[in-house]
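Q: I would like to learn how to read a protein model step by step. Could you take me through one, starting with the overall picture and then moving to the details?

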Amino acid sequence: MAHIQLPEGLPGIRGPLVFSPATTQPMCELAEVLLRGPNSLTMAEREMIATYVSACNDCYYCQTCHGSAAAQYLGGGAADYALIGQMKADCEATPLSNKMKALLTIAGKVQQGGKFVTAEDVERARSHGATDKEIHDTVLIAAAFCMFNRYVDGLDTWQPQDAEFYREVGKQTVALGYVARDWKRPPQTAATNRAATVGR
Amino acid sequence: MAHIQLPEGLPGILGPLAISPETAKPLLELAEVLLRGPNTLTSADRETIATYVSSQNDCRFCQLSHGAAAAEQLSGNYELIDRVKSDYDSAEISEKLKALLAIAGKVQRGGKYVTGEDVERARRLGATDKEIHDTVLIAAAFCMFNRYVDGLGTWQPADPQAYREMGQRMARVGYVRANREEPVHSA
């Protein structure tokens with residue numbers, strides 16, 4: 001059971017989002033701008049940064065939802081999901097661009113704490129073509145997921161263990177984003193249907 | 001020097017906020033609702049939670065500016081804020097706020113550190129579900145703000161008076177309205 005009384009049957013961040021509409025509006029707007037706004041980093045790349053940080057923070061719900069969104073942006077095939085898994089395990093071993101690897105390194109430092117980011121980390125990203133805006137956005141995406149992850153786990157929310165659920169969440173994210181979304185309606189899968197019937 | 005090109009003379013988070021208005025808007029709205037919106041926790045209590053988390057994250061700019069915002073709402077009691085940062089259990093604050101600070105400290109380390117016992121203790125001392133929710137989210141949000149400020153290597157004034165002025169402004173006009181006015185320039 002979650003630490004506070006949250007609406008029944010809503011997985012992960014959806015419970016707190018529905019519980020507290022006043023804070024939900026700016027949080028969702030922040031996610032939308034960071035992860036889907038106009039940017040020279042693709043939506044897939046930004047979801048990957050979010051996924052990587054969530055994995056470093058050991059937040060199962062966020063890393064699986066955002067990993068699925070990234071994979072869906074890449075085409076949604078088994079190889080796309082495999083790439084996300086590989087990135088979480090060892091980003092240097094992936095076929096991702098050197099720029100992306102350098103940005104993931106910065107994101108990983110931010111996850112440990114802002115002061116861990118060094119001028120060398122930033123120089124490396126810049127030498128592979130990263131702009132100031134891309135570096136700024138990487139730092140803020142990483143920082144924002146240090147918030148979202150703690151929000152989800154700090155309230156001990158319900159997190160389904162059901163691959164189908166997360167696959168559907170990824171598709172929903174691609175289709176609707178973070179603002180134009182009804183958080184009270186999670187994708188209908190075996191896990192959420194069960195939760196709706198038995199009050200999880 | 002900051003890790004990226006930021007406007008000269010803007011301390012701490014004000015530099016990144018100025019170069020990225022589209023993210024500044026929701027960030028400031030979140031701070032406003034969390035720290036100053038209608039709530040059974042006073043704004044001073046909420047600024048105190050923000051200050052404590054920022055000090056645990058070793059973020060000088062955030063702990064001094066939010067500490068000043070808290071102190072300015074407590075008749076200028078800066079000593080109390082220093083005491084909260086060094087040892088809140090010995091500070092003259094309510095037992096409920098101590099229990100909420102304990103939860104905030106766990107969130108700072110990571111969401112999974114918060115235990116059922118931590119929450120039970122806060123509830124026994126009168127904390128409501130909304131107060132517990134808001135404490136978790138304030139702590140989580142400052143794990144973001146602190147990383148934003150330090151992760152970009154922003155300029156942070158050495159002069160304590162600069163933070164006092166920022167705190168007065170934060171306590172008086174808040175976060176959303178202040179951003180619409182000309183931002184404070186200090187040298």
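Q: What radius of gyration does chain A have, and what would a compact globule with 200 residues have?

A: Please keep in mind throughout that this is a predicted model. A compact globule with 200 residues would have a radius of gyration near 16 Å, and chain A has 17 Å, which agrees. Along the principal axes, the C-alpha atoms of chain A fill a box of roughly 55 × 35 × 30 Å, and 51% of the 200 residues of chain A count as buried.

Q: How many helices and how many strands does chain A have?

A: Chain A has 10 helices and 0 strands. If we then look at contacts in chain A with a separation of 6 or more, residues 24 or more positions apart account for 71% of them.

Q: How should I describe two helices that pack together, and what are the values for α3(A) and α6(A)?

A: Two packed helices are described by the angle between their axes and the distance between the axes. The axes of α3(A) and α6(A) come within 9 Å and cross at roughly 40°, and the crossing is right-handed. On the α3(A) side the contact is made by Glu45(A), Ile49(A), Tyr52(A), Val53(A) and Cys56(A), while the residues from α6(A) include Met100(A), Leu103(A) and Leu104(A). Sorted by class, this contact of α3(A) with α6(A) has 8 nonpolar, 2 polar and 1 charged residues.

Q: Which residues of α7(A) are buried, and which exposed residues are on the face turned away from them?

A: The buried residues of α7(A) are Asp121(A), Val122(A) and Ala125(A). They cover an arc of only 95° around the axis, which puts them on the same side of α7(A). These buried residues pack against α6 and α8 of chain A, whereas the face turned away from the buried side carries the exposed residues Ala119(A), Glu120(A) and Ser127(A). Just after α7(A), Gly129(A) takes a positive phi of about 100°.

Q: Which residues other than glycine have a positive phi, and where do they lie?

A: Asp58(A) is one of them, with a positive phi of about 60° although it is not a glycine, and Asp58(A) lies in the loop between α3 and α4 of chain A. Asp156(A) is another, with phi near 55°, and its place is in the loop between α8 and α9 of chain A. Asp58(A) counts as partly exposed because it has 13 C-beta neighbours inside 10 Å, and Asp156(A), with 19 such neighbours inside 10 Å, counts as partly exposed too.

Q: How many residues does each chain give to the contact between chain A and chain B?

A: The size of an interface is often given as the accessible area lost when the parts come together, but here we can count residues. The contact takes 42 residues from chain A and 42 residues from chain B. The largest share of the side of chain A that touches chain B, 16 residues, comes from α8(A). By class, this side of chain A has 25 nonpolar, 11 polar and 6 charged residues.

Q: Is Asn146(B) buried or exposed, and which residues does Asn146(B) touch?

A: Asn146(B), which lies in helix α8 of chain B, counts as buried because it has 29 C-beta neighbours inside 10 Å. Not counting residues up to four places away in sequence, Asn146(B) touches Gly114(A), Ser54(B), Asn57(B), Cys59(B) and Cys62(B).

Conventions: Residues are numbered from 1 along each chain as its sequence is written. Chains are lettered from A and ligands numbered from 1 in the order in which they are written. This is a predicted model: local features need pLDDT of at least 70, side-chain atom pairs count only at pLDDT 80 or more; totals for chains, interfaces and linings use all residues. Two residues are in contact if their C-beta atoms, placed from the backbone, lie within 7 Å. Helices (H or I, at least four residues) and strands (E, at least two) are DSSP runs, numbered from the N terminus. Ala, Val, Leu, Ile, Met, Phe, Trp, Tyr, Cys and Pro count as nonpolar, Asp, Glu, Lys and Arg as charged, and the others, Gly among them, as polar. A residue is buried if 20 or more other C-beta atoms lie within 10 Å of its own, exposed if 12 or fewer, and partly exposed in between; C-beta atoms are placed from the backbone. The arc is that of the directions from the helix axis to the C-beta atoms. Axes are lines fitted to C-alpha atoms, for helices over the stretch in contact, and angles run from 0 to 180 degrees between N-to-C directions. A crossing is left-handed if the near helix is turned anticlockwise from the far one by less than a right angle, and right-handed if clockwise. The radius of gyration is taken over C-alpha atoms; the globule rule is 2.2 Å times the number of residues to the power 0.38.
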